[in-house]
Amino acid sequence: MSNPRRRYRHYADLLVWGLAAVLAWILPAGAAAADESWQAQPYQLGQGLYFPQQSLRVGGYADIHFYSLDKHRAALSVEDLSLFLSRDIGTHWKLFSETELGDALVIDSQHATTKDANIDVERLYADYHTRSGITLRFGKFLTPVGQWNLVHADPLVWTVSRPLTTTGSFSRHASGAMLYGTVNLRQNDLDYWLFADDSKALAFTRSHNLAFTDYGASSTLRNDFQHAVGGQFLYHMLDDRLSLGASYVRYALKTPRQQYRLTGIDFGWSGRRVEFSGEGIWRTADSPQVPDEYGGYVQAVVPLPRHLYAVARYERYRNSLPSQWVTLRTFGIDYRPESGMSLKLEYREGNNNAALAPNGVLASIGVLF
Amino acid sequence: MPSTFTRWLVVLGVLVVAGTGARCAMAAQAGESRIAVIVSSRDHGVQTVDPGTLRNIYLKKVFVDPHGHAYIPVNLPPESRLRQAFSRAAIGMSERRLQNYWNQQYFQGVSPPFVLGSEAAVVEFVAKTPGAIGYVEPCFVTADVHAVQMLTLPAAASLPPAAACPRRPVR
């Protein structure tokens, strides 16, 4: 954004959206505003603070990461500080925003810096509950491909590092409209998400859709949507212990400007002694010059005594730029002393992974507040 | 001295009375092991709620009824045994699994149902709030609310006798 006029326009857009958001949050609640019977609940970690008179919930999450990777200086990073604002307007409308301060402070053996700090509106949308099982969403939201992308906050996932499969080939955010909900099918729930994105016209913040977000990743490839249409289905079985999902997105990226088709599958199985989950994607480009990109991971989590969990993940990913297979093996331990809090330590190693997710040790402390 | 015949009559009478009493006690216990899912009597559109819909109302997966009116589910406090029994019977999840579920939903901007302090408060709130839905022991049901579903708990999950039942006829 080196052009001053473009930069001015960007900040003007941010200001307008910010003002609109502030007005929406502070105006009195609508017809279904909090009744006197609705008393404020005591604060609980991981559930935010609720203000009944405004029907407003304020919360978020924060995490600090440490990493010591091959050929990189060990560093400590105040990685995410996210603020959630959620407000019901009447009985059918809801506003939600997530504003994130990223990389606020990075400290390594030689210096401490805030130069990488960035603030971004990760999500900003309005939901309208139309009728049973159908909700309309307008704004900027998380792209419904797989389960990791929809619930990716550090205190809620099992590892510090994120699988390449969940970021490498699609934009993590979309701007436009979405139809989502849950329907009952053969005594089981089917969740669905159908969306249309027009980021070219609607994106109002500077995008941070880096394809590979892990520490030490040297790739600067971005996955910003121009346009996209797609959806995801997730079928729950066995009292929610098993879920099977499938997704499909047809999209154009800003750079490299190409049309792509992405197909994804995912699953989750939760047993008494072990939990398995996994995702897989396969992306093809309209241009035959662009190689296909595909990969997947399988993850196992075993509960141990004293709120400890052992985690292992195996991932294979075939990148298109540069065209090569990457293998990653991750082993970690997760301590969850109470709901909404997570301390993690993990070791990662692999093959052909130096450019995207180098070998090394990672740790984090995350709190959902 | 009473005759043998009279003694047998007395023993038979005692057995009949004891048996009837036991049946009454069992019935009372069975009654106490049910949970009434209630809505306001003014919500004429809602006569019954099927188990799948009830679960999704409480998981905040379904927000409005087929006529477009919003559901407002209310819960009892987490330490309430009735809530724990309801979570297992209606939602099919332990409190721990539910806690994980709500953490994930919170990240997606969805908050759990509001909490009211007692069954009496649930009845009062549901009675005067269109769209509200709650659960109480059957002895708390009044004319201002009506039960859209009765959940029967398995024997192992039976609740202790409701000491706090209001002093009024059971409906």
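Okay, let's start in chain B, with one pair of residues: B:P73 stands opposite B:I133 in β4(B). Keep in mind that this is a predicted model.

So where does that pair belong? Strand β2, residues 72-75 of chain B, runs parallel to strand β4, residues 132-136 of chain B, and two bridges join them. Zoom out, and you find an open sheet of five strands in chain B, in the order β3-β2-β4-β1-β5, with mixed pairing. At the edges are β3 (114-115) and β5 (145-152) of chain B, each pairing on one side only.

Now the helices on that sheet. Helix α3 of chain B, residues 81-91, packs on the sheet and touches β1 (34-40), β2, β4 and β5 of chain B. The direction of α3 makes about 90 degrees with that of β1(B). Then there is helix α5 of chain B, residues 119-128, lying across β1, β2, β4 and β5 of chain B. Against β4(B), helix α5 runs at about 155 degrees.

Which residues of α5(B) are buried? Those would be B:E119, B:V122, B:V123, B:F125 and B:V126. The buried residues of this helix pack against β1, β2, β4 and β5 of chain B.

Let's go over to the interface. Here 30 residues of chain A are in contact with 25 residues of chain B. On the chain A side, the elements giving two or more residues are β2 (56-69), β6 (118-131) and β8 (173-185) of chain A. By class, that side of chain A has seven nonpolar, 18 polar and five charged residues.

Staying in chain A, have a look at A:Y309, which sits in strand β15, residues 308-320. Is A:Y309 buried, exposed or partly exposed? It counts as partly exposed because 17 other C-beta atoms lie within 10 Å, and buried would take 20 or more. Leaving out residues up to four places away in sequence, A:Y309 touches A:W158, A:V301, A:V302, A:P303, A:L304, A:D334 and A:R336. Take A:R336 from that list: A:Y309 and A:R336 are 27 residues apart in sequence, yet 8.1 Å apart in space, C-alpha to C-alpha.

Last thing, confidence. Chain A has a mean pLDDT of 87, with 88% of its residues at 70 or more. Over residues 28-37 of chain A, though, pLDDT stays under 50. The model does have 16 contacts beyond four places in sequence for that stretch. Still, where pLDDT is low, the predicted coordinates should not be read in detail.

Key:
Residues numbered from 1 in each chain as written. Chains lettered and ligands numbered in written order. Predicted model: local features only at pLDDT ≥ 70, side-chain atom pairs only at ≥ 80, totals over all residues. Contact = placed C-beta atoms within 7 Å. Helix = DSSP H or I, 4+ residues; strand = E, 2+ residues; numbered from the N terminus. Nonpolar A, V, L, I, M, F, W, Y, C, P; charged D, E, K, R; others polar. Pairing = 2+ DSSP bridges. Axes fitted to C-alpha atoms, helices over the stretch in contact; angles between N-to-C directions. pLDDT = per-residue confidence, 0-100. Buried ≥ 20, exposed ≤ 12 C-beta atoms within 10 Å, placed from the backbone.
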